[in-house]
Each structure stands twice: as C-alpha cells, then as structure tokens.
Amino acid sequence: MKNLNKILFPLAVFTLTMGACKKDYLVTAPTDAVSSDAVFTTTTNAMAALNGIHRSLYIQYSRQEEGGQGAVNLNIDYMGEDIVNTVSTTAFGVHKWVTHRSATNGNNSFIYTFYYRIITNANLIIDNIDAADGSDADKKAIKGEALTYRAWAHFVLVQVFGKRYDAAGNNTQAGVPISNTSKVDEKPGKPRASVEAVYAQINADLDAAIASFAGATVRPNKSHFNINVAKGIKARVALTQGKWAIAAQNALEARTGLTLMTNAEYLSGFNSYTNQEWMWGSKQQEDQTTYFYSFFAYLGTFNSTANRTNPKRINSALYNQITSTDVRKGLWDPTGTNTAFSLPVGVVTNATASYRQRKFAVAGTTSVGDVVNMRVAEMFLIEAEARQRLAIAGATAEEATAKNVLFTLAKNRDANYVLSTNTGVALLNEILVQRRVELWGEGFRFFDLKRMNAPLDRNGGNATVALSGVLSVPAGGPEWQWAIPQAEIDSNPAIGPGNQNP
Amino acid sequence: MKKLLQSLFVLMLFAVSAFAQERTITGTVTAKEDGLPIPGATVRIKNSNVGTTTNANGQYTIKAPSGAAQFDFSSIGYNTVTKALSAGSNTLNAVLENDNRVLDEVVVTGYGSGRRLSGTVGSVATVSAKTVENKPVANALDAMQGKVAGLTVFTSSGEPSSTSSLRLHGVGSLGASNAPLFLLDGIQVDETTITNMNPNDIETVSVLKDASSTSIYGARAANGVVYVSTKRGKVATDATISVLGQYSVANPASDKFYRSMLNTAQLSQLQIEQGLRTPAATAALLAQYPNDTKWYDYYYKKDVPTYQTDVTVSGGGGKTAYYLSGSFFEGEGNRFRSGFDRYTLRSNLTSTLNPYIKIGLNLAAGTSNTETNGLAGNDTNGPLALLAQPWFSPYDANGNEYYGTIIPGWGRYSPRYIADNTPFNRNRLTFNPTGFVEITPFKNLTIKSQGGIDGYIDRETSARLASDVRFPGAGTLSESYSRRLNKTVTNTIEYRFSLDRHNFTVLGGQEYVDGITQDFGANTSRLANDGLFILQNGDASNRGVSSFKSEYSFKSLFGRLEYNFSSKYFLDASIREDKSSRFGANKQSATFWSVGGMWRAKQENFLRDLSWLNDLTVRASTGTSGNSAIGNYESLATAAGSSNYNGLPGVIQSAPGNPDLGWERQQKTSAGFKASFLNRIRLDVEFYYRETSNQLINVPQVFTTGYSLVRTNVGAIQNKGVDITLDFDVYTNDEHRAFITPYINGNMNRNKITDLFQGKNFYVNPGTGVLWAIGEPVSYVYPMWAGVNSANGLPQWYVPNAGDASIVTRTDPNAVTSSFSAAGLQQNTGIQRYAWLNGGFGFASGYEGFYLNVDFTYSKGKYMINNDRYFFENPTSFPGFNQSTTVLDYWKTPGQNATFPNLTQQFTQFDSRLIEDASFIRLKNLQFGYNLPKSILDKTKALKGAKLFFLARNLLTFTEYTGPDPEIDTNVTLGAYPNTRQVGFGLQLTF
C-alpha cells in the first residue's frame, strides 16, 4: 500500500492541477484580428483605425462593381447624361435607370453597406478617442477626421436614398437611419430619420469637425481630412440644402491658400494626390491593387475588358460646348481614332468610340491610381454658383464676385477666356456647364441634377436608347430615389416594407 | 399429453428437492472473447426452473439441492453452456462464447470502464469490424451507410480522399454543424482523421443515439457521438499475423446523366432549328470535323485502380497485449488529377504492471497524399467541359491527343492538359497517440487518466506550371504549411459496489479539450522554369506571405450514477458542466444532464419461461446536450489588421461579436424496446423527440450596424421519429455452418421549425433555395413550374399568393405567368429538404467456408436542386454548346404538349423543375468469399486462415434522379463528382 501511495499521490496532484493551474485556459484570442477595445488604447492605434477607413475606400468588396468610392463615383455619374458607353453593357447598369429601383439590386446594397461600414468604424473612433493615450493635437486630428467621415457618409447616403432636400420645404420626407453611436442599442435597427434630421446631424458633425481641426496635428497627407476638406464638404452640403451664403463662404475658406493645377498637370491622368490642386484623394499603393475592381479598370486606361471594348465617352453635346483653346478639350477624342491617346492595347479604335476619354489613366503597372475626392476647382465652382444664385435671388452685388470667381478657374483652363458677359440665369448656366466639364467622371452629376430638381436629358448628343436605356427622366419623380435594400427591410424592425421608397 | 407428463415430472422433482439438503453455489460468468464479466446472465439448474442472474460483476449465488450437478448458463448473444459441478466444490464459473449473431459488445462509451451493451441504459448501436474492413475506399465511414438505424451517411463525392456527411436523427441545427462528435479511443478527432487511418484497425464503431448515452459528452454531443475503438491484442495468446492484399477498379457509379448528351447528328440538327447555322454551313462544319465524340469517355478515366494492403500482428504475453499494423492504400480517381494514397502504422499496447496498475499506449501515425482537381463545379474546363460539341475531338485524325495545343474548333485546351498544369497536392502527416494509466487501489475502484492527441501537419502546394503553354514562363506557386493539434485529457474515478442485489456504479471525471491550428504560406508568380519551381525563383515584386492561428478550449466536469436492481431494473443519471472559450465571457458555462431507465423484462419470472421470447428490454431516457460547432472567435468583437493604408498600419472593424453568444441547447427524449423471439428474430424499436433551441444561427443584421450577419442564439427546430432494426435467421444449420440472416433497418424522421428570429415567421436563405418557415419542415422555395403553354409555346409559372408565398403553396392553373422572376415568383414548393426515410437492408449468409454479404442502402424523400440541368437543358441560353437529349422535346406547333418552350424562350430557369427526387436504393457493398477449411490449413502447418474474396461497392443504383449521382448530400448540386462503382478481389492470409 505504501508503494501504491507513491504512485497515487503524484497522480492525484497531476489530476487536480492539470489545466486548472492555467487560469486563462478558456481565454483565446484570434491572430488575424484584435479585440475592438485594444484598438483605442493609444492615438497610434486609433490612427490605424482611421487608416483602416481610408483603406476601405478602395478595397474589393463582393462584386466586381464594388471597388469602393471609385465605384460609387461611377454609379453617380452613370446616372447622369455626361458619360456615354461605347457598347451596351450590364456593368453599372444603373445607367439605364431601372435596377436602382430594385430593392434586391447589388449596387443598392453595396452603397448602403459601404457607407454604414465607414460610419460604424468612425463611431468607434469618435466614442473612444478621448480616452486614448496620446497628445491632444493628435486626438483632435483623429476625432475631426472621424467626424468628417461620419458626416460625409451620411451625406452621400441621404442623397442616394432620400428624397431631395427642398430648401423651401420642411423636409420631413424619409431620409436614412442616423447612426451616431457605437453603443449597442437595446432595440435592433434604427428608423429612417427625416431628411431634415439627417442634414442636421451632418452639419453638427461638420461643425464639430471644423472646431476639432483647430489646433490639431497637421495631416500627414491628402488621404486624411483637414479643416479645408471639412469646410469643402460643408460647402457641398450647404449647396445641396440651398444655403447659398454658407456654401459660398465655406467654399472660399476651403480653398484659401490653395492653388489650381497647371495645364500640363491637367493632362497627366488624374491619378496622383500629389497634384497641387487635389484637396482630398485616396492614395493607392501598387501592392494594394484591386485589379478589375478598380475605378481605373472601368474609367481609365487599365487593360481591362471594360476599357478595351467599352471606352467611356463624353456626351458630345457637352463636349461641343468646350472652347477649342480649353485644355479640357484635349481630354476627349471626338474621332475615336486618335492614336495619341494612350489607351489600352486592343481598345476600340473607330467612330463608335468617338468622344472617348483620357482624363483618367492608370498610375502603375496594374490598375492602381489615386481616386480624387475633392479639388480646388470644385470650390471655385461652388462659390461661383452659390453667389450667382444669391444674385438671382436679389443680392445683385454677388454677381460680380461670381463672375470673378468663375474667371479665375476658367482662365486657368483656357488662356483665351475673358470675363463673362453673361448675367442672371445665363451666367448661372455658364457656371453649371463649367461644372459639368470640370468634374466629369468625379461622381457629381446625378447629385447635381437631383439637388437642382432638374430633369435628366441625354438628348442632342451621342447617347442612344440602345446604349443608355432611357434618354430623359423628368425631375422630381420617385425614380430619383434608390430603393432601400431588401435585406435592410427584412432585418430592420424599424424599417418595414411600408418604409420603402415609393 | 406430453406436456402434462413433463409438468408432472417437474412437480415430482420439486417434491423430492423440497426434502433434499440445500447448499449455496457461487461463481462468475465471463465472456470468452475478452474475459470480462457478463452481468445479467441467467444461471439455472438444469431441467429445473430454479435460477438466478449474475450481478454487475458477473457473479451469482444460487441455492441448489445437493443432487443438482448440471447447470445451464445463458445470456443474450452467447451460446448456452451446460456445466457440471465438481464433486465437493461449491464454486462453478462459466465462460460463454459469443454466438456471432448478436454481438453483446463491450462498449467503452461515456467514460469509465467498459460496459456490456445489454447492461447499458443508453441507446448505443455498434457496428463491428466486419462491416468496415476490406472495403475499397479510404473512408471507413462510407461502409456505415444503412447499417445503423437513425444514422444517415452520405458520401458526396467520388474523390478518393472524400469524407462522408453524417447526420443522426434529422437536422439538429439550422446554423451550426450537424456532424456528430467523433471519438477515436476516447479522443476527440476530426472526421478526416478517420479517412487517414487504416479501416482495418477498427474493432467497433459505436453510435450513441439517445440522451442517456450522449449527455455525458455535454456541449459537443447534440448530434450524437460516433465512437471508434481500435483493435487490441489479448494477453497470453500466440501472435496472429494477418496479411491482406486487395485490388479493385473504379468507374462512375452511374453514367446515365452523361450518356444523355446529344450526338453530332442531333446537336447539329438542333442548331439548324435554332437558326445558329444553315444546313450548308452545318455540312461544311461536319466535313471539317467528322467526329462524334462522347466527351464523357474522355473526361472520365475508365477502370482506375485502387490497391490496398496491410499487415497486422496481434497477441500477448503474460501481462502485455499488443496489436501492430501497417497499411498502404492507393486509390486513383476517375477524373484527371484525382487520387489519394496513404501509409499508416499503429501500435496498440496494454500492460498490467502489477495488480493495481494497468497502462496502455496507442501510437498511430500516417502519411497521406491527396491530389485534387481544382477545376470543379461550373468550371468550363471541369465538369462543364462536357458541354463541348461532339463534332470536336480531343484527338486528331491519327489518334494523337491535342495536348498543349488548342483543340481545333472548340478553341480550348483539353481539360486534361489544364488539370495537369494546375496541380494541387496536400501531403498530410497524421499522428494520433493515446495513452492511459488505470489504477485500481482496491477492488472495484478504478482511477483512470487518459490523454491523446489528434494532430496533423499539412503541406499544400498549388501551382500553375511554367511550361503551361497558355501562360509560358509565368508559373505561379503557392505553398502552405498548416499544423493542427487537438488535445484531450480525461481523468475519471469510478467505483462499483453492490448492496445485496442493488448494484451501483458511480463515476466522476474532468476533461480538458483544446485545439490549435496554425498555418503559414507563401506564394509567388512569374516562375520561368518547371525545373526550378521554388518560391525564391519567382518575381520578387509578386510575393505574398500569410500566417494564421486559431485556438479553442473546453473545460468540463462530469459525473454519472448507474444503478440496477438484480440486473433487471436499471437507472442511469448523468450530469456535465462544460465551459468553452468560444462563447461570451458570461455565457461560457452550461450544465447538461440526463436520466434514463431500462427494464430487462425477460428477467422477470413471468417471462422467464416464455420459450419463444428470448429477450425483452424496454428503455427510456431524457436529457440535454449542446452544440458548439462554430468558429472559434464568433463571440468577440474584432478589428482586422489587413487594412494597411499608404504603407502605414490600418485596421477595420471585422466582426461585431456577440458577447451574449452561448450554447445551442438540445433536449432529447427517447423510448424503445429490444426483443428477440424464437431464437431467430431480433427487433429493436426506438422513438425519439429532439428539440433544439438557442440555435447558433448567423442572423441577418441591420445594415446600419455596418455588418450583415451576426451569430446569435435564436430559433428552434424539432425532430421526431423512429428507428427500427430487424434481423432474423431465415436458415441456420450448425453442421454445415450454414446461415442466411437478412436484415432491414430504417429511420423515419420529421423535422419542423418552431421558432425563428426577429419575429419572422419565415426566412428565405439567400441563394440557396432553402426556406425556413415556422410550423414547416426545412423546405425548398422556388418558382413553381406550370408547364409549357401548348398554344404559344411560352413557359409558365404559377403566380404565388400575395403576402404569404413562403408559407402557402399556390398552384392555381388560372393564375400563371410567362414572365420569369426568381424573386417575384418564388414560393414554398412544399418539397422537403431532408429525406424522411433512410436506412439499409441486406443479408449475411454462409455455407461451410463460403460467405456472401449483401448490403443495400436507401433514402426516400431526398430532394436536390439539380443545377447541372440549368446548363445541360438550356440551348437558348448557352447556344452552340452540347445539351441533353431531353431538350429535343421543345414546343414547335400550337397544341403540342412539350417539355420545353419555343426557341425564342429560355428553356430552363431556376424553378421547381430542377428540384428533383433523389431518392435511391444502392447496393452499397457486396462481398463474396471463401475461407479455406481447417483440414487444408492444418496441412500447411503455418496458415491459420486463408480467405479469398470478391468485393463490390455501389454495384447497383436505382433512382429516378437524372443528375450524376443521387447520393450527393446538398441542396444545390452542380458538376458533382459522382461516387464510384468498384469491383475487385482480395486475399487475406492469417498465420
């Protein structure tokens, strides 16, 4: 029995202690991800979370048409009249004004989830950054950026899914759900807030961001926001809301100290945020290529099927309004056969491709290129438009300012430009044509039509029903609202089938 | 008159014995096979009805008159033995021999020391080595098909490395896995581990079905437990050496689907009718390509071989028993670059060190190489390569294969060339060591510590060769290394004791299970030379690396009380507490329990003398168990670090986590009986009801959260059904060792969803055709086909009910539409996803040295969406490609009742036509063999046995399913790799 104890005792000890001595036996952690809490312990880590949002602007989401912000820009411009396909295609089929009305359309849920994903990440930063270790200046910069992201994302969403903001109305029409906290709500799902409430949230966030950028660390590069970009977005928002004075003032402040690009830069491919005029752009590294998902694989010179068989063209009616001495005249090839255009090998080179573009070109050996999100030129255009609208509304003194602001931009693009002699609505229209030409392919046209309550009119140019499905859509109808994704209606108890856009 | 006399005689005997002097006889009844005690065995004075039964330790005490000298010992599953008491002795032990018809296996399930099936309250079905050995597949579980009532086994691929899908008693979870817990000698293992071991090392496979047997496995046991025991040697026996060799050839089990393709004449005619080509152009085309290729014959290799050989040595010395084996398996698949080979070694040792201590060590290791063809599913260089036009040929006029050159006309490289140039290989090193120490400090107290590892190291290589003419000098290479280690450590203490006729066994234990998977990989591209095909020779600017780690752990305490009164009334209760790292911090712990009872009615005096009734046992149990088969980190909110931006680190929220994520719970109640009659009929019936709640379902999320799916404990599903097993000896003749024993078993199961989530009363799983609706079984949801309009040849679908299309099926002939919309027309088809009847039948037979075993398996009410038909019956959507002959019946003239619409229409849409009845009966196994008689063996002086056998697998298939293979276990099948029909032979010699 004594011998037995010798064996039994150690065994019993072994039995009782094994595993139990390891208190964290049941605590495991993944290696390809970290606990969310760990992200916000320091400003350095929080900056990584911010970088994650920057990166999310150009990653491959599930379908090839889901390449991030570049893909959203394509959707928005394809809904307008200024981009014309070479062949009829199903890619970015919203061009035909049918699929965006389907709740099960992939592009609808892509846009919806893309921005709410940005908002979710921004909320975590906003709610946690104050407690992080680091300098106040860093915290202010990070928080300002996160607030700007949240405002910008809500702004795009409400323009896509909500009925337009009517400066004359009370804007109680359904917008989109407001997501402004990272705290888990007891009730799953938030209802569609009114358009007014969404804009109130957007402006509150932008004002907070502008305040936060005062005394903040200088941004490392143009993928980040600074006070100029926040004010630029504020100007966009005010322009959409019809708050002309605010729009003009913020646009002016946003571009103060910044310069327009040279004509040589204008023809260099719109693919680098080192361009002096760029205020905000998504920098993409060569080793982070998104292949055929890239903006430049659809609208660019990357050797993709979409670029070879379907070079994107400008509305010839718009092209014909560009003066021959304008640098921008050289961005499009009216013949379709100009071999000087360094388009991908095998591209369609005949009359069917007339007016094809070379504004956007790839920056590297793959489909990479920086995607432009805000330029100084837009600030000139916002200010000019806003001031001229004030003038039309009665503040006549603004017209001269509007003309001068327009002149600065137009003179830069066309050395022969002289100060406009147009007045009133004619001057406004001149500004708007400049806007269409200047911002072609940068994701504005559908939003511009919608904010101005203008009809879509593709007649008079090179668009055909075969290529575009529809040539005109009257203003103000239900087709200006994209359908809320069915999956959201199915899963969100606060949004029922009755809350779908009509 | 005879009976009356017998009765009188018995009476007289009684009268005499009443005056005789009595004495007390004691003894122990053990089994010959393993020397373990047989509880509940009947001991009776010969030619009397004075008798008793053995207790849990096989011991008995009987008062017998002094004249009684002959005693009968009997127990179910054993041959009855009559033994004479030696003069002057009061002790009489008996050793019973298995009758080889009903196995009363010792089951080592549920921890603790072994228990006989007949004394186990739980519902445990055991399949012996005979069922799984000498099959022409690597995967031993394939042979389990149709062998255990209630266990559905399907093998979904003809890939030689494939595993099977197993489901016990219906579909237990809508969100987490439905696979049972696999245990190999008590250690949790992955199902692939079974495929990577030698099936001939398996002694028994036990399937634990009810709460009484599974609840002690707690959180992992909701889908049942499959317990695999390996062979052991026996002490004090001479070595037995067995050598096996077998060879078989394989072909797809059914080629009906592939043989239905159009030939050159038919397809060219159809294309003329379609307006794709004029008759003149057709004549020119066929003059240029004068072939009628059966692409199936090119795509599937014929008569591919499977070799198998193994050597086993088993025996034992005075205190130590050993079992050693080595094996080799090599199987080639019918498709290009498909194969599996495997080498295994196993050493099982047990030794009794001294009267108190017993140790055992099982060491198993193996290496396998898996080769698969990545061109699967809808790949046009894979299964859809069969859409090639028959006039093109992979061979030129001289019979030389177009290999590395484009097939003229077809414009593609041959699928064989592409497969050869894009190889994938997985080399796996498996090791499964298990050891135990068992200490018996005093009688009936057993302390046991057991530990084991289920581990493997995989090295995977996938490449596109540099010599591939499609991408010359631009080879790609990806190498990865993955290591998995799952450890199980179990400590138990067990005490058996008896108070009079009350027998108790008390067990307590603790267990740790943890697992870790780690891998890393690297890839590169632009490799220029096949001979220098290593990572560092690739393009330096195109290199990638990755690494990954994932861990989980379980920590458990458990206990069990077993009680029986006189081996007649049994009661069994168990409890287990599990904690797992997979769940939210406050939800890690859960307690599971079971209670069961059994009545061995035959032991009752009033049944004991019913000579036609050999056994009757009634049992019932209820209890809970859990399911934790989800990802390791689903409860955690995480941010992933793969979002580096502009050369700086970047993270993005990757999962919202669910801190309240807890166990999926199941309650299962079963009741049944087991009976045998007339010494030849055995019947086992078991009813069950299982209800799963708090299911681990990926619930669609509000997009505004930024996430689309979050794993949540929601919803409930119930399954109820019955298992029936019947076998009977139609004929037995001991003199010629002749017998025919047919069997049939079946399981009928109904599942019903009783609760969902977010207040929904139905949910359509996106892209799967599967519907969950409260009050309904898991069903298919699709547009309902209403036939072709005979007037105009347009396709028609029923217009669903407005509002509740997912609940109500509407097939109103007055409400049809010719405008297809997958979303707009979908409705509950009323067709169930899972078969309601599954089972097997067959017979075992023998005569002298010959034997013939035939095993069929069947499934009724099995439905699948045959996605192949979308490609093979759609000439207007895939114009030019070859099609099935069925498409010839399309609408041409008004009034015609055609299968397909007119040529302006899409022939096939994703609608109810594709949901096919895949019920089947399959001759799963057939083995015919001959054992050399002893008279001849004795002359050899060396041979103990010699067996020559012929074997066949999947020899016959009866089904109305039109696709490649009805056995595929899925909702949507496309480009399936059909199971193989194998025939072969083998030779086994025993020395």
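Predicted model: local features only at pLDDT ≥ 70, side-chain atom pairs only at ≥ 80, totals over all residues.
**Stop 1: helix 5 and helix 6 of chain A**

Select helix 5 (residues 106-128) of chain A together with helix 6 (residues 136-161) of chain A.

Turn next to the geometry of the pair. The axes of helix 5 and helix 6 of chain A come within 9 Å and cross at roughly 155°. Because angles over 145 degrees count as roughly antiparallel, helix 5 of chain A is roughly antiparallel to helix 6 of chain A. Their crossing is left-handed.

Helix 5 of chain A, with 23 residues, reaches 33 Å from its first C-alpha to its last, close to the 33 Å expected at 1.5 Å a residue. Of its 23 residues, 21 are buried, and helix 5 of chain A is thus mostly covered. Helix 6 of chain A has 26 residues and spans 37 Å between its first and last C-alpha, close to an expected 38 Å. Since 21 of those 26 residues are buried, helix 6 of chain A is largely enclosed by the rest of the structure.

**Stop 2: helix 3 of chain A**

On the helix 3 side, select Ala46(A), Ala49(A), Leu50(A), Gly52(A), Ile53(A) and Ser56(A). On the helix 5 side, select Arg117(A), Ile118(A), Asn121(A), Ala122(A), Leu124(A) and Ile125(A). The contact of helix 3 with helix 5 of chain A has eight nonpolar, three polar and one charged residues.

Helix 3 of chain A has 14 residues and reaches 20 Å from its first C-alpha to its last, close to the 20 Å expected. Is helix 3 of chain A largely enclosed or largely open? With 12 of its 14 residues buried, helix 3 of chain A is largely enclosed by the rest of the structure. The buried residues include Thr43(A), Met47(A), His54(A) and Arg55(A). What surrounds them comes from both chains: the buried residues pack against helix 2 (36-39), helix 5, helix 6 and strand 3 (278-282) of chain A, together with strand 31 and strand 32 of chain B.

**Stop 3: where chain B touches chain A**

Display both chains. The contact involves 50 residues of chain B and 52 residues of chain A. On the chain B side, the elements giving two or more residues are strand 25 (475-499), strand 27 (543-565), strand 31 (638-640) and strand 32 (652-655). Select strand 27 of chain B, which supplies the largest share of this side, seven residues. The chain B side divides into 23 nonpolar, 23 polar and four charged residues.

**Stop 4: helix 8 and helix 9 of chain A**

Return to chain A and select helix 8 (residues 227-241) and helix 9 (residues 244-255), whose axes come within 8 Å and cross at roughly 160°. Helix 8 and helix 9 of chain A are therefore roughly antiparallel, and their crossing is left-handed. By class, their contact has seven nonpolar, three polar and three charged residues.

**Stop 5: two residues of chain B**

Centre on Gly233(B), in the loop between strand 16 (225-230) and strand 17 (237-252) of chain B. Gly233(B) is buried, with 21 other C-beta atoms within 10 Å. Its contacts beyond four places in sequence are Ser314(B), Gly315(B), Gly316(B), Ala321(B), Tyr322(B) and Tyr323(B). Gly233(B) and Asn348(B) lie 115 residues apart in sequence, with 7.8 Å between their C-alpha atoms.

Finish at Tyr343(B) in strand 20 (residues 339-354) of chain B. Tyr343(B) has 15 C-beta neighbours inside 10 Å and so counts as partly exposed. Leaving out residues up to four places away in sequence, Tyr343(B) touches Phe328(B), Gly366(B) and Thr367(B).

Note on methods
Residues numbered from 1 in each chain as written. Chains lettered and ligands numbered in written order. Axes fitted to C-alpha atoms, helices over the stretch in contact; angles between N-to-C directions. Helix = DSSP H or I, 4+ residues; strand = E, 2+ residues; numbered from the N terminus. Parallel < 35°, antiparallel > 145°, perpendicular 65-115°, else oblique. Left-handed = near helix turned anticlockwise from the far one by under 90°. Nonpolar A, V, L, I, M, F, W, Y, C, P; charged D, E, K, R; others polar. Expected span 1.5 Å × (residues − 1). Buried ≥ 20, exposed ≤ 12 C-beta atoms within 10 Å, placed from the backbone. Contact = placed C-beta atoms within 7 Å.
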